[in-house]
Amino acid sequence: MTFTAVPLTLYPDMFPGPLGQSMAGRALESGTWACAPVQIRDFATDRHRTVDDTPAGGGAGMVLKADVLGAAIDHAVAAHPGLPILAMTPRGTSITQARVRQLSAGPGAIILCGRFEGFDERIFDARPIEEVSMGDIVLSGGEMGALLLLDACIRLLPGVMGAASSGDDESFENGLLEYPHYTRPVNWEGRTIPEVLRSGDHAKIAAWRKQQAEDQTRLRRPDLWERHIDARVGPASGARRKEKD
């Protein structure tokens, strides 16, 4: 099964963009995944190919028209049946590695990329669209967010990273940030690779890495650490477990 990415965009030349390079690019060439961008403007019905209009009720900016978006989505669904429809929007649910793994295990995704002030709200009432966000930031359009999401999915496709276990210990895979990495030279500017990593004792190395991952997460991302602890302990009463330093 080929993972198929179908970005709906006003700028189809942005795809595959950087995903045409490195691991993702080789996977694209080999047919592991396919990219089939759709130009939203092709579904405008007036002679000016208008895709946006002023906000109802007034205000700054322009809004992407529901009739044009609906036609573009319907075209993509007919051409690629069975793909989930996602929309890149700051108000969407923040994407997680768990959701990325779900998407990468499926047939692909239709990804609606917004511009201007966003989408006519009625499109979300009329079509089964999952609203997703890549973080608490605002971009000039949804294309960059779509590229980030697709990169996260494509690298998990079979064979893209090489060894099947390449991504197992990475940040967010187990609810933790990743442990620190080192490589030669052993000494650099007076700083030395931790002795345990040079010991050859795999059990000690595994224990050190686990402890480092926990410490990094607790210090850098207390929100992740709290979720990790709740998931690991999960008191039946639902009461929050108090973590002792």
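How accessible is Arg 91: buried, exposed or partly exposed? Arg 91 has a relative accessibility of 49% and counts as partly exposed. The legends below describe close-up views of a predicted model.

**View 1. Arg 91 and Glu 131 form a salt bridge.** The closest N and O atoms of Arg 91 and Glu 131 are 2.5 Å apart. This pair links distant parts of the chain, with Arg 91 in strand 6 (residues 85-94) and Glu 131 in strand 8, 40 residues apart.

**View 2. Asp 74 and Arg 127 meet through their side chains in a salt bridge.** The N to O distance is 2.9 Å. Asp 74 belongs to helix 2 (residues 66-79), while Arg 127 sits in the loop between helix 4 (122-126) and strand 8 (129-133), so the pair ties together parts that are 53 residues apart in sequence. Asp 74 is partly exposed, its relative accessible area being 36%. Arg 127 is also partly exposed, with a value of 25%.

View 3. Glu 214 counts as buried, at 11% relative accessibility. Elsewhere, salt bridges that share partners join Arg 91, Glu 121 and Glu 131 into one network. The count for the model is 12 salt bridges.

**View 4. Asp 52 is buried and has no salt bridge.** Asp 52 lies in strand 4 (residues 52-53). Leaving out residues up to four places away in sequence, Asp 52 touches Met 62, Val 63, Leu 64, Lys 65 and Phe 116.

**View 5. The largest nonpolar core has 26 residues.** The members that touch the most others are Leu 19, Trp 33, Ile 111, Leu 149, Leu 150 and Ile 154. At least two core residues come from each of strand 1 (3-9), helix 1 (22-30), strand 6, helix 3 (97-104), strand 7 (108-113) and helix 5 (142-154). Helix 5 gives the largest share, 7 residues. Beyond its neighbours within four places in sequence, Ile 111 is in contact with Val 6, Pro 7, Leu 8, Leu 86, Met 88, Ala 146, Leu 149 and Leu 150. Another core, of 23 residues, lies apart from this one and includes Val 68, Ala 87, Ile 110 and Phe 119.

Methods: Residues are numbered from 1 along each chain as its sequence is written. This is a predicted model: local features need pLDDT of at least 70, side-chain atom pairs count only at pLDDT 80 or more; totals for chains, interfaces and linings use all residues. Side-chain values use heavy atoms; hydrogens and water are left out. Helices (H or I, at least four residues) and strands (E, at least two) are DSSP runs, numbered from the N terminus. Buried means under 20% relative accessible area, exposed over 50%, partly exposed in between (1.4 Å probe, protein chains only). Lys and Arg count as positive and Asp and Glu as negative; His and the chain ends are not counted. A salt bridge is a side-chain nitrogen of Lys or Arg within 4 Å of a carboxyl oxygen of Asp or Glu. Contact means heavy atoms within 4.5 Å. A nonpolar core is a set of buried Ala, Val, Leu, Ile, Met, Phe, Trp, Tyr and Cys residues joined through side-chain atoms within 4.5 Å.
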